[in-house]
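Biologist: Could you walk me through how to read charges and rings in a model like this one? I would like the general idea each time, and then the case at hand.

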Amino acid sequence: MIRRTLGRLCLLVGLMLVSAAQAEVLLSEDEIARALSHGPWPPAFEPDPSNRVSGLPAAIALGEGLFSDPVLSRDGTMACASCHDPAHGFAEPRARANGKVLLDRNALALVNLPAHRWFGWSGDTDNLWAQSLTPIVNADEMDQDAAGLKQALVTSRWADDYAAVFGPPAGQDADDVLVNIAKALAAFQETLVTGPTSFDRFRDALEAGDLATAALYPEAAQRGLKIFLGRGNCALCHTGPAFTNGEFHDAGVPYFITETRVDTGRHGGLEALKASPYTLAGPYSDDPEQQGAWAVRQVRPLHSDFGTFRVPGLRGAARTAPYMHDGSLADLRAVVRHYNTIDMERLHADGEAILAPLGLSATEADDLVQFLRSLSDDQP
Amino acid sequence: MRVLAFLAGLSAAPALACAPDPDALALTPEATASLVAYATLAPGRLSQPFEMQLVFCGEDAPAIQRVEVSAIMPAHQHGMNYEPVVTALDDGRFSVSGMVFHMPGSWQVQVAAFGDGEPVFYTLEVEAR
C-alpha cells in the first residue's frame, strides 16, 4: 500500500500557487478513498413509490401545516413539532420525550429520512408514512383514533387543502384518512434534508483533485476524520453519505429503563413490524410493484437483536443534543467520551468485537468532536 | 456422495453445461468436490441489496435441487440481516437476490448445494467497501 500522504504534494502545489497556503491534506490515499464514500451530498430527491403524494407541492404544504398543528391530537394540545422542534434540528433538548407520560426514548431528529430503510430507534416501521402515523394513534402520545381524526380534520382549517390533495374526506373511510394524513406528513418530512457542510467541500475537492481547496478544511477536523475512519472504527457502522448503515447495533448504551424494565430495541421493533398492516408489503402502500417490500419479507430475527438500536445518521447531529436512544449523553463530547472509555461489560458478550476503549488523548478526542461538528456547519 | 466420489477422478467439467461469466469467481469447495462452482456478484453500495448468480459445472450439476446461501463477517461474528432468496434456473444455474452487506470489510459467502447425495459446501471471500 502506498503510505505517502498527499499532503506533501499539496504543500508543494500550495507553495507554488497560493503562497499563503500553510494547511495541508493529512489523509493517506487509502483514507481519501474511504472519505469519498461519505458523499456526495445532498442526494437527489427520489419520490417514495409507496406514497402517491410524495414530492407533490400541495401535499408537502399540507404536511408542513399539519406538522405544527395540535389538531392531530385528541385533546388538541400536542403537535408533531412539540417533540420535533424545527429550532432544534427537528429533535428536542429533553433526554426522553414527554407525551401523555414520560416516554422511553429520545425524539429522533427528522432530517435525511429518505436515507433510511427502517424508522424509529428499533425499526418498528419500514416506511415514513407508517412511522408518521404511529404517534397520532399512540395512547401515550397524541392518543387519537381514525374516526376522531377524520372528525377533527373536516372541521379544521385543513379540510379544503386535504380535499385538494386527496379528494373530499366525507366519503372516505376513516382509516384511509389517517393514512392519507400520514402520507402528507411524510411528504413534508422528506424535504428536511441537511445541506452541504465544510466536510462536503473537503470531500468534493478531494474527488476533484483540488488539493488547495481541500486543505481549507481545518487540520483538527482532518485528524478527527482520520480517527473516525481508522482507529475509532466509527465508519464501520456510520457508513455512506448519511453516516449510517441503516441497521441495528449495540453501541454499549444501557438498555435498562428502570431496574426491572428493559428497552428490547430491535427485538421489539421486529415484533411491531411483523404485526403492522402499514408496511410496504401491505395494502396501504401505493406502489403496485411493492419496491422495497423485500426487506420486511426477508429481514430475519436474530438472537443479537435484543438491545440493539438503529445507527443514527450524523449529519446535523451537532444541532440535536442530547444523544443516544435514551438521550443519556448530553453533548458530542460526552458521546466521544463514551466511545473512548466504553464499558465492555455493557456490550453483548457474543457481540461484534468492534467497540473497545479507544484510548484517545484529550486532543484527539477534541479532534474527533471537531470532525463531527463539521457535519453540521451547513446552518449557522 | 456416490456420484461425487466417482466424478472426483475426472478433471475436465463438461464444457457445454457450463459457461461462467468472464468475471465469475471460483468458489472454494470445503472438501474435494466434483462440481466446480462460480459466482458472479457486484455488491454496489453498502447496505443495498444486490444479486448473485451461481453456476455449478460438472456432470451432476443438473442434479442439484436446492442451494442455500448465507454470508458472514468472520471478524465480527455476524451474518446478513436478511434471508437471501434463491431461484433455480436451468443448467445448474441459480439466481440469488436480497444479499445485503451492511458493513465494510471481509465477508465470507457460504453456499450449500443439495443434490442426490450429501450436500457440498463452498465459500467465497468478498471485500465490501
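Biologist: Let's begin with charges over rings: which ring does R266(A) lie over?

Modeller: A charge sits over a ring if NZ of Lys or CZ of Arg is within 6 Å of the ring centre and within 35 degrees of the ring normal. Here R266(A) lies over the face of W118(A), at 4.6 Å from the ring centre. A lysine does likewise: the charged end of K183(A) sits over the ring of W129(A), 4.6 Å from its centre.

Biologist: Before we go on, what should I keep in mind about the numbers and labels?

Modeller: This is a predicted model, where local features need pLDDT of at least 70 and side-chain atom pairs count only at pLDDT 80 or more, while totals for chains, interfaces and linings use all residues. Residues are numbered from 1 along each chain as its sequence is written, chains are lettered from A and ligands numbered from 1 in the order in which they are written, and side-chain values use heavy atoms, with hydrogens and water left out.

Biologist: Thanks! How many salt bridges does the structure hold?

Modeller: A salt bridge is a side-chain nitrogen of Lys or Arg within 4 Å of a carboxyl oxygen of Asp or Glu, and the structure holds 23 of them over all chains. One of them joins D69(A) and R157(A), at 4.0 Å from N to O. D69(A) lies in the loop between α3 (57-67) and α4 (80-83) of chain A and R157(A) in the loop between α6 (146-154) and α7 (159-166), so this bridge ties together parts that are 88 residues apart in sequence. Helices (H or I, at least four residues) and strands (E, at least two) are DSSP runs, numbered from the N terminus.

Biologist: Where do the partners R261(A) and D104(A) lie?

Modeller: Their side chains meet in a salt bridge at 3.1 Å, N to O. R261(A) is in the loop between β1 (248-249) and α12 (266-275) of chain A, and D104(A) is in the loop between α4 and α5 (128-137), 157 residues apart. R261(A) is partly exposed at 40%, and D104(A) is partly exposed at 26%.

Biologist: And what about D204(A) and R203(A)?

Modeller: That salt bridge is 2.9 Å from N to O. D204(A) is partly exposed at 34%, but R203(A) is buried at 2%. Elsewhere, salt bridges that share partners join R52(A), K183(A) and D286(A) into one network.

Biologist: Now ring against ring: how many aromatic pairs are there over all chains?

Modeller: Rings of Phe, Tyr and Trp (its six-membered ring) pair if their centres lie within 6.5 Å; planes under 30 degrees apart count as stacked, over 60 as edge-to-face and the rest as tilted. The structure holds 19 such pairs over all chains. The rings of Y255(A) and F256(A) have centres 5.9 Å apart and planes at 15°, so they are stacked. In chain B, the rings of F50(B) and F101(B) have centres 5.0 Å apart and planes at 70°, so that pair is edge-to-face. F50(B) is in strand β4 (residues 50-57) and F101(B) in the loop between β8 (93-99) and β9 (105-114), 51 residues apart. Both F50(B) and F101(B) are buried.

Biologist: Which residues do ring pairs link into a cluster?

Modeller: The cluster holds F199(A), F202(A), Y217(A), F228(A), F243(A) and F371(A).

Note on methods
Buried < 20%, exposed > 50% of the residue type's maximum accessible area, 1.4 Å probe, protein only.
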